[in-house]
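Here are my notes for you to read with the model open beside them. Take the points one at a time and find each residue as you go.

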Amino acid sequence: MPTQAGVALLALIGFAFAPPAQGRLLLVPITGNERAALHVALDGDARLLGAGPLRGSLVVAGSRDRFASAALDRGILILAAPSSWCGGPGDNE
């Protein structure tokens with residue numbers, strides 16, 4: 001039973017931070033290259049909304065598909081950007 005509860009909790013966390021196809025996204029560089037997130041966002045025509053809660057991360061508004069491949073190539077994790085973590089008027093504006 002504890003294993004099932006753990007898996008269920010991980011699934012809920014995964015769904016909570018799964019990036020939407022369009023809207024507010026959090027770009028998190030996991031390779032240590034803090035400028036990579038900026039380049040990925042600009043190359044994907046995303047609108048910069050501000051710095052994210054993690055070092056080197058950015059909150060952007062745009063279409064995930066426009067920069068998902070480039071983000072993967074540069075070691076950028078794309079997450080949902082909930083307003084409770086990343087500020088702003090609302091989720092997925």
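This is a predicted model: local features need pLDDT of at least 70, side-chain atom pairs count only at pLDDT 80 or more; totals for chains, interfaces and linings use all residues.

1. One term to begin with: a residue is buried under 20% relative accessible area, exposed over 50%, and partly exposed in between (1.4 Å probe, protein chains only). Numbering starts from 1 along each chain as its sequence is written, and side-chain values use heavy atoms, leaving out hydrogens and water.

2. Now the overall plan. The protein chain has four helices and four strands, and along the sequence they follow the pattern α-β-α-β-β-α-β-α. Helices (H or I, at least four residues) and strands (E, at least two) are DSSP runs, numbered from the N terminus.

3. Which order do the strands take in the sheet? The order is E2-E3-E1-E4, in an open sheet with antiparallel pairing. Strand E2 (47–51) and strand E4 (76–80) are the edge strands, each pairing on one side only. From one strand to the next, the twist averages 35°. Two strands pair if DSSP finds at least two bridges between them. Strand E1 (residues 22–29) and strand E3 (residues 58–63) are joined by six bridges in the antiparallel sense, and here you can find Leu25 opposite Val60 in E3.

4. Next, look at H2, which lies across E1, E2, E3 and E4 and runs at about 155° to E1. Axes are lines fitted to C-alpha atoms, for helices over the stretch in contact, and angles run from 0 to 180 degrees between N-to-C directions. Contact means heavy atoms within 4.5 Å. Of the contacts in the protein chain with a separation of 6 or more, 69% are between residues 24 or more positions apart.

5. How many salt bridges are there? The count is three, taking a salt bridge as a side-chain nitrogen of Lys or Arg within 4 Å of a carboxyl oxygen of Asp or Glu. One of them joins Arg55 and Glu34 (2.6 Å, N to O). Arg55 is in the loop between E2 and E3 and Glu34 is in helix H2, so this pair ties together parts that are 21 residues apart in sequence. Arg55 is exposed, at 71% relative accessible area, and Glu34 is partly exposed at 36%. Another salt bridge is made by Arg64 and Asp65 (3.7 Å, N to O); Arg64 is partly exposed at 23% relative accessibility, whereas Asp65 is exposed at 58%.

6. Asp45 deserves a point to itself. Most residues other than glycine have a negative phi. Asp45, however, has a positive phi, near 60°. Asp45 sits in the loop between H2 and E2 and is exposed, with a relative accessible area of 55%. The side chain of Asp45 also meets that of Arg66 in a salt bridge (2.5 Å, N to O). Since Arg66 lies in helix H3 (residues 64–73), the pair ties together parts that are 21 residues apart in sequence.
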